[in-house]
Amino acid sequence: MAAMPEPTLIEAARAIAPELVMLRRAIHAEPELGLHTPKTRDKVRMALAHLPLDWAEGPSTTGLVATLKGGAGPGPCVLLRGDMDALPMPEETGLPFASTVPGTMHACGHDAHTAMLAGAAELLAARAASLKGEVRFMFQPGEEGYHGARFMLEDGLLGGEGTGRPLPDAAFALHVMPNAPHGAVGGRAGALLAAADQIEIVVEGRGGHASMPHDTRDPVPVACEIVTALQTLVTRQFNAHDPVVVTISRIEAGSAHNVIADRAVMKGTMRTLSPEHRARLRDAIHLLVAGIAGAHGLTAEVTILEGFPVTICDARAVDFGEAVARQMFGAEAFLRLPAPIMGAEDFAYVLEKVPGAMFFLGVSHEGEEWSQCCGIHSTRMMIDESVMPQGAAYLAGLAETYLSRGFA
């Protein structure tokens, strides 16, 4: 009697779909913030405890790296990454497994990322005997502004100098998009996501009675002038083909309707797609703010808190990811993104050290108008869980194919 053929990765992934959904929902119901996500870590360890994985943790976070060694001899090393932390925001989905933690929600899909990465580990472990080399599964907390990937690199969890292990030869990550076509995989070579820095501007004046502004140095109109001038700065000093975004999202001043405040505090973000524009924008903001405040007889201080760098995808890795997606899911499965997205991702730290790429996975509900779906960071963000097996299979396919032939 002839032996049954080995199931394809997508067939094997569909067979474990209930486990993927169960893990994702368990994580979704108990979201955690920041660099320390012990409940999520423990759920991952429990879900994969039966697999032949070597686990490593570092002192700075509750991040995990699990290593699967292939049984077919030495070869390259490929890294797959999924993030684990949630956002400090309420959930308004009405789902039966909605967040049980007030003011905390998995609104960026990290619960699905973690579950799909765990699924990829399950799929690849079943094929370990035929793999040459090793796969490292990076379960990372602290993506939402906490620089978790950088800390895991500094802790030596990914290898590198002083660890006794080289860095991986390639690295891949997958990010769900609820307002993208159902089941589509997308990516682009070069800049995929922006660098993100935080801005705080404090305008110092002299307060007094609102009926006598001539006896004061009112910081509020100066702050308003700065906000408007920042927009002109962007459109008149920076090439639109290398985009720059400056958004002042919060202004605080005053305590009553008839009181002119002593100071106005503005907070916002700056987004850039090149190191050159990132540095130039910082200098330009300092100059502009000091000039406007000084023209009105006030002073102002600018503080810029450096955030994630630009997420730059290796062109070879994107071509490779496109070929894998088309081979696994069909000729129409992959979409080349026409332009970068001005959001930010700390997988950028990994891609600074290791050639690779991040891809997007459309998880809009089948049959719905995907462009009308709530996007990430929405209190009503939901995903179609039926796409999760495809995500797990794709991650596994990227690793398996890379171990067999590299980017070729």
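I pair rings of Phe, Tyr and Trp (its six-membered ring) if their centres lie within 6.5 Å; planes under 30 degrees apart count as stacked, over 60 as edge-to-face and the rest as tilted. By that rule I get eleven aromatic pairs. I looked up Phe172 and Phe407 among them: the centres are 6.4 Å apart and the planes at 85°, so I log the pair as edge-to-face. This pair links distant parts of the chain, with Phe172 in strand S5 (residues 170-177) and Phe407 in the segment after H10, 235 residues apart.

Before going on, a note on what I'm reading: this is a predicted model, where local features need pLDDT of at least 70 and side-chain atom pairs count only at pLDDT 80 or more, while totals for chains, interfaces and linings use all residues. Residues are numbered from 1 along each chain as its sequence is written, and side-chain values use heavy atoms, with hydrogens and water left out. Helices (H or I, at least four residues) and strands (E, at least two) are DSSP runs, numbered from the N terminus.

Are Phe172 and Phe407 buried or exposed? Both are buried, meaning under 20% relative accessible area, with exposed over 50% and partly exposed in between (1.4 Å probe, protein chains only). Next I checked Phe308 and Tyr349, an edge-to-face pair at 6.1 Å centre to centre and 75° between the planes. Phe308 sits in the loop between strand S13 (299-305) and strand S14 (311-313), Tyr349 in helix H9 (residues 347-353), 41 residues apart. Phe308 is at 6% relative accessibility, so I call it buried; Tyr349, at 9%, is buried too. I also found a cluster linked by ring pairs, which includes Phe320, Phe359 and Tyr402.

Charges over rings came next (NZ of Lys or CZ of Arg within 6 Å of the ring centre and within 35 degrees of the ring normal). Arg150 lies over the face of Phe151 at 5.0 Å from the ring centre, and Arg280 over that of Phe238 at 4.4 Å.

On to nonpolar cores, i.e. sets of buried Ala, Val, Leu, Ile, Met, Phe, Trp, Tyr and Cys joined through side-chain atoms within 4.5 Å. The largest has 90 residues, and Leu80, Phe137, Phe172, Val350 and Phe359 have the most contacts inside it. A second, separate core of 26 residues includes Leu233 and Ile248.

Which residues of helix H3 (residues 38-47) are buried? I have Thr40, Arg41, Lys43 and Val44. Down the axis of H3 they fall within an arc of 160°, so they line one face; the arc is that of the directions from the axis to the C-beta atoms. Helix H2 (17-29) and helix H4 (110-125) are among the elements covering them.

Lys69 lies in strand S2. Lys69 touches Asp54, Ala128, Gly133 and Glu134, leaving out residues up to four places away in sequence; contact here means heavy atoms within 4.5 Å.

Last, phi angles. Most residues other than glycine have a negative phi. His147 has a positive phi of about 65°, in the loop between strand S4 (134-140) and helix H5 (148-154). His377 has one of about 70°. His147 is buried at 13% relative accessible area, whereas His377, at 40%, is partly exposed.
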